[in-house]
Amino acid sequence: MTSNSSSNADASIDVNILKEIAKKDLVDALNSVNGAKTLVLDASLAGPLGLVTEVSLLKHHGVDKMFWLEPGPLTSSTNNIVYICRPRIKYIKIIAVSETQLSLLLVPRKSTLVSQILEEEGVLGDVTISSYNLQFIPIAEDVISLEHENTLRELWVDGDETIIFDSAQALLTIQRLFGHFPQVIGKGDYAQRLATLLTRQGPANSTNSDPHLSPSSKIDSVIILDRKVDLITPLLTQLTYEGLVDELIGIKNSHVELPLSLLTPPTATNANNTSASISTSPSGSAIPVVAVKKDTKKKHHLTTTTDPLFAELRDLNFSLVGKKLNKVARRLDEDYKTNLQTKTVAQLRDFVGKLGGLQTEHQALRLQTGLSEIIVPLTRTEVFNKSLEIQQNLLASYEVTTQLNAIEDLIAQGADMQVVLRLLCLASLTAGGVKAKNLENIKREILQAYGYEYLPLLLSLAAPSLAVLLPNPLPPSTPSSVAAQKYPFTSLRKSLRLLIDDSPEALDEVENDISFVYSGYAPISIRLIQCVAQKGGVISNPAEKANASNGANNVEDENKPSLGKVQAHPIVGWKGFEDVVSLIPGKTVEIVPKNENTVKPSGPLATLGTPREASTTMVVFFLGGCTYTEIAALRWVGRQNRGKRLYTCDHDIFTDLSMINCIGLKAHSKSAGSGGAKKKLSAFNKFMQSEMARLKEVEPDMEHKERFKLATTNWKTSKENPKAS
């Protein structure tokens, strides 16, 4: 989190060190193979590697050509072939058919299974196996990620816990760099296993570790949250700017595909036209208009390093983005007009010096405005808004049966399958399950409308390991382990203050609470973090109290860094919220590793050696991935605490749609406008869409179930039905 406080700056940790380590390890691995070499790369590693190195660096260290790792013959002009991939069976089978000697770099470590497969194929002697320990990769100044896809499926569907060990090794690297964690706090069964590995292999218990490694002076604790502790949040539509970009266009490894016209600086004539159109926008809240033509797309790295405007926009609720863009546009327009009125040589020299910065800001504004222009139409579609309405009603437990009927309507209208399934999962989690008859009917409609290839996905969501789609009440034959996983959303909604009233009177409260990321709903995961790091923020908003106190004391200095902030309290685990945390399924973790080398001062002079408002850092690890909205909410918590910085670690950043795809057997690529593969409307979908609307107008008092049944009956004799006689 960016902070104006000098004490917070002292507590920051330089995550770019991790990038340099990853880059050095890759160079060392390549240099271990002498001469020119051909690089064959696992496609899923291309994005992560692109965040730590450049193609020019690879060529500088002997890489002649690069290919994707896929079946088929390999045409190589060099004798040295280097494969880089994750230790997955399908990749090793492809490598095993190679007839030449080669080097294999496994990410992030060697695997006994790989050696066994190569030995069975009779090529183990021709393969030199080593590892490339790619761990945390900096995504932002306060976010690091393992960029490991499909963690949810591996853990909760396949039962593969390898990623837990890899996560422990990555966190141990953080400890070796910045000192070991004084406290480990967590929630969830897998979080407990990771915490156990972390403390068992940590400095205090390892005979091979550095005996001089002491508790970190910058990091005061690490919080590990099992993704299953809060599956509701990733099922909701993200409403922050960066979250919606990911939701509707798709962000992959911090890159987004955009029209080439947005990324290419305009000509002088176009620049003048663009400037004029931006500055004369009639509404202060409307998004400035930039013409976006449909043309070739190119990947663009969304980073605050080269685009400071993105840093201002990324965490805003999308409803505020237009106002912000207009404000920046008007300021730039005034700067241009002021500087063009220069009269003296000295003034002209100053203007020329500022021109480069103004042009950079102008291009950034053009890019973000164009990106917003792409998003706006997608947020005004009927399916998008209907989905939002259903989500808000389900979170408030308002007429659940009506919401289930609305989900059936979306199926009939041919809405994207992931959208339908997301809403069904949300209904099950928030209501403690869906009535068995309704659940079976909707499942049957999903399979009939979208295809029976989605049956494994439905079975996975209902399996005991995930227990997302459950009937209510549970059958008597249900195992006790499944019954214990029933999510207590109704109880948590009140005790954790999850819903903020969206009335005009409560608008200020929404804008001053983490619930701004979902326009009135506070993510459970971030509320749990507040239970540890900002206990007062769970019950009420401490920022409002601080502002009120400052106002009462007539504090008018806008540059004062403490305005709107409260001093962060010491980390004392889940204290004060034990009963609430115990309601959530999964084990609760509170570990304070013992360290005999640490001497704690005591007596009346004990406080003299420590600053009164010492600044520290908390590391938050999402085991199973997180969303951009959760990162935005976490940044908000960090901004409200003076003397506390929060850093996010995760496996992957995903949306609700990609989460559903991850759990299922098929992964659909994202496309603009749907966030997933867009299903073409069938004749049945088109008929049901118009027929349901007609029957609703003709028979407004008819129950939804009867209306739906009548519509399907009418389909049998409809002229649009190709099978009708």
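Modeller: Buried means under 20% relative accessible area, exposed means over 50%, and partly exposed lies in between, with a 1.4 Å probe and protein chains only. Helices (H or I, at least four residues) and strands (E, at least two) are DSSP runs, numbered from the N terminus. This is a predicted model, in which local features need pLDDT of at least 70 and side-chain atom pairs count only at pLDDT 80 or more, whereas totals for chains, interfaces and linings use all residues. Residues are numbered from 1 along each chain as its sequence is written, and side-chain values use heavy atoms, leaving out hydrogens and water.

Biologist: Which residues point one way from S4, and which the other way?

Modeller: S4 is mostly covered, with 5 of its 5 residues buried. From this strand Ser 103 and Leu 105 point one way, and the other way point Leu 102, Leu 104 and Leu 106.

Biologist: What order do the strands of the open sheet have?

Modeller: Strands pair here if DSSP finds at least two bridges between them. The edge strands, each pairing on one side only, are S2 (63-68) and S5 (127-131). The twist averages 20° from one strand to the next, the angles being taken from 0 to 180 degrees between the N-to-C directions of axes, which are lines fitted to C-alpha atoms and, for helices, over the stretch in contact. With parallel pairing, the 5 strands have the order S2-S1-S3-S4-S5.

Biologist: Which residue in S4 is the bridge partner of Ile 84?

Modeller: Strand S3 (residues 80-85) and strand S4 (residues 102-106) pair in the parallel sense over 4 bridges. In S4, Val 82 has Ser 103 as its bridge partner, while the bridge partner of Ile 84 is Leu 105.

Biologist: At what angle does helix H6 run to S5?

Modeller: Helix H6 (residues 112-120) lies across S4 and S5. Its direction relative to S5 is about 170°.

Biologist: Which residues have the most contacts inside the largest nonpolar core?

Modeller: A nonpolar core is a set of buried Ala, Val, Leu, Ile, Met, Phe, Trp, Tyr and Cys residues joined through side-chain atoms within 4.5 Å. The largest one has 172 residues, and H18 gives the most to this core, with 10 residues. Apart from it lies another core, of 19 residues, among them Val 40, Ile 81, Ile 95 and Val 123. In the largest core, the residues with the most contacts are Phe 136 and Ile 524.

Biologist: Which residues does Phe 136 touch, not counting residues up to four places away in sequence?

Modeller: Contact means heavy atoms within 4.5 Å. With residues up to four places away in sequence not counted, Phe 136 touches Leu 18, Ile 144, Ser 145, Leu 146, Ala 170, Leu 171, Ile 174, Phe 621, Cys 649 and Asp 650.

Biologist: How many residues apart are Arg 422 and Glu 247?

Modeller: Their side chains meet in a salt bridge (a side-chain nitrogen of Lys or Arg within 4 Å of a carboxyl oxygen of Asp or Glu), at 3.4 Å from N to O. Arg 422 is buried, with a relative accessible area of 3%, and Glu 247 is buried too, at 3%. The pair links distant parts of the chain, Arg 422 in helix H18 (residues 417-431) and Glu 247 in helix H10 (residues 241-248), at a separation of 175 residues.

Biologist: Is Arg 694 buried or partly exposed?

Modeller: Arg 694 meets Glu 691 in a salt bridge of 2.6 Å, N to O. Because they are 3 residues apart in helix H30 (residues 683-698), the two are separated by about one helical turn. Glu 691 is buried, at 8% relative accessible area, whereas Arg 694, at 41%, is partly exposed.

Biologist: Which residues are linked with Asp 315 in a network of salt bridges?

Modeller: Asp 315 meets Arg 314 in a salt bridge of 3.9 Å, N to O, and both residues are buried. In the network, Asp 315 is linked with Glu 141, Asp 142, Arg 314 and Arg 635.
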